[in-house]
Amino acid sequence: MKTYKVAVIKGDGIGSEIVDEAIKVLDAVSINSEFELKYEEVLMGGCAYDVHGDPLPKETIEVCLNSDAILFGAIGGEKWDNLPRDKRPESGLLRLRSTLELFANFRPVKVFDELVDASSLKTSIVKGVDLLVVRELTGGIYFGQPREKEETRAYNTMVYTKDEIVRIAKMAFEAAELRGKKVCSVDKANVLEVSQLWRETVEEVAKDYPDVSLSHMYVDNAAMQLVRDPKQFDVILTGNIFGDILSDEASQISGSIGLLPSSSVGGKVGLYEPIHGSAPDIAGQGIANPIATISSASMMLRFAFGEVKAADKIDSAIVEFLKEGYRTKDLASFGASEVCSTQEAGSIIADKVSKL
Ligand code: IPM
Ligand code: MG
């Protein structure tokens, strides 16, 4: 029997509700398998600040470093919005990504046939969308120095080194080799020097992947193309801030931001989290959609542990759940035969998993 150690960070807002459901499903899948999961819960975000005065306490980093993977919910909330930047919940997450060197963020966007109506775009545009945003996660304007907020002036620095671009580009090409064999690199090379280097470097990396076709797009055009014809994309490779914005936009293609998982890898321990935030306005009401987190748990099994069968079971259970017309409140107007709570959704999916 293999044992995998999972650091669990529930975080703030709806974080604990959605992570609890993912754990329910993980438990259901591991019961009938050759592996067991050992969880260790640690604090990050506003809740960690409240207890330790630090959104990323040392103990959290240590536990994460000692784990085989990290399952994370969400952080942030109005309560902590006026703290100095390094005390804000978001700083905890950014420091965790950076400390663990998680430079590659994978955000797959797949449209479930059962939910094509839920998208704000026409069915013909979204049906069959299957794309992957590969976002650089530990560089760019998020981390560039110098940065400062002065009285009447403030600035940040968008910087990428060639090495940083090479390693994320390789990740994107490798992912594309296993998918539709197309990479679209998104930048703003008509304005930014950093994007010119990005573009030249991606061109160089592309030479090692002759079976993958490469195209380039300016980020403003990419934002437009994503809603005009999302099916033209296979892998979108981009930097930190463009990836942040485009992945939220892309999530709407799928109908709800509550559906999309992500993995952040490349460094010491992989981090698996939904792409949505902590939604403080709906926290504690049992109406959050746990599918993005359950799906992130599936990615963890697949990519961190190589437990493909177990991951497939979770993915199939999610599809069955939707096929049978179960919907959480965010999707209640789209083909629901039964509207269920966060907790009911987790239990139904867990139950399906154990029967597979
Ligand atoms: C995300 C989030 C984070 C980011 C925030 C919470 C710092 O929006 O993971 O997309 O900007 O990276
Ligand atoms: Mg974001």
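Reader: How far apart are the end C-alpha atoms of helix α9 (residues 240–253), and which span should its 14 residues give?
Author: Helices (H or I, at least four residues) and strands (E, at least two) are DSSP runs, numbered from the N terminus. The expected span of a helix is 1.5 Å times one less than its number of residues, so the 14 residues of α9 should span 20 Å. The end C-alpha atoms of α9 are in agreement with this, at a separation of 21 Å.

Reader: Which pLDDT does a local feature need in this model?
Author: Residues are numbered from 1 along each chain as its sequence is written, chains are lettered from A and ligands numbered from 1 in the order in which they are written, and side-chain values use heavy atoms, with hydrogens and water left out. The model is predicted: totals for chains, interfaces and linings use all residues, side-chain atom pairs count only at pLDDT 80 or more, and local features need pLDDT of at least 70.

Reader: Is N240 buried or exposed, and which residues does N240 touch?
Author: N240 is found in helix α9 and counts as buried because its relative accessibility is 2%. With contact taken as heavy atoms within 4.5 Å, and residues up to four places away in sequence not counted, N240 touches R135, E136, L137, T138, G139, Y142, F143 and Y160.

Reader: Which residues is D187 in contact with?
Author: D187 lies in strand β8 (residues 182–187). At a relative accessible area of 1%, D187 is buried. Leaving aside neighbours within four places in sequence, the contacts of D187 are S195, W198, R199, H216, M217, Y218, V219 and F242.

Reader: How many residues does each domain give to the contact?
Author: An automatic or database domain assignment sets the bounds, giving domain 1 (1–116 + 258–356) and domain 2 (120–254). The C-alpha centres of domain 1 and domain 2 are 24 Å apart. Domain 1 gives 24 residues to the contact and domain 2 gives 27 residues.

Reader: Which residues of the largest nonpolar core touch the most other members?
Author: A nonpolar core is a set of buried Ala, Val, Leu, Ile, Met, Phe, Trp, Tyr and Cys residues joined through side-chain atoms within 4.5 Å. In soluble globular proteins, nonpolar side chains tend to be buried together. Of the 90 residues in the largest core, those touching the most other members are L71, F173, L237, L301, I314 and F321.

Reader: Which residues does A310 touch?
Author: A310 is found in helix α11 (residues 308–323), and a relative accessibility of 6% means that A310 counts as buried. Not counting residues up to four places away in sequence, A310 touches V29, F35 and L301.

Reader: How many disulfides are there?
Author: A disulfide is a pair of cysteine sulfur atoms within 2.5 Å. By this rule the count is zero.

Note on methods. Buried < 20%, exposed > 50% of the residue type's maximum accessible area, 1.4 Å probe, protein only.
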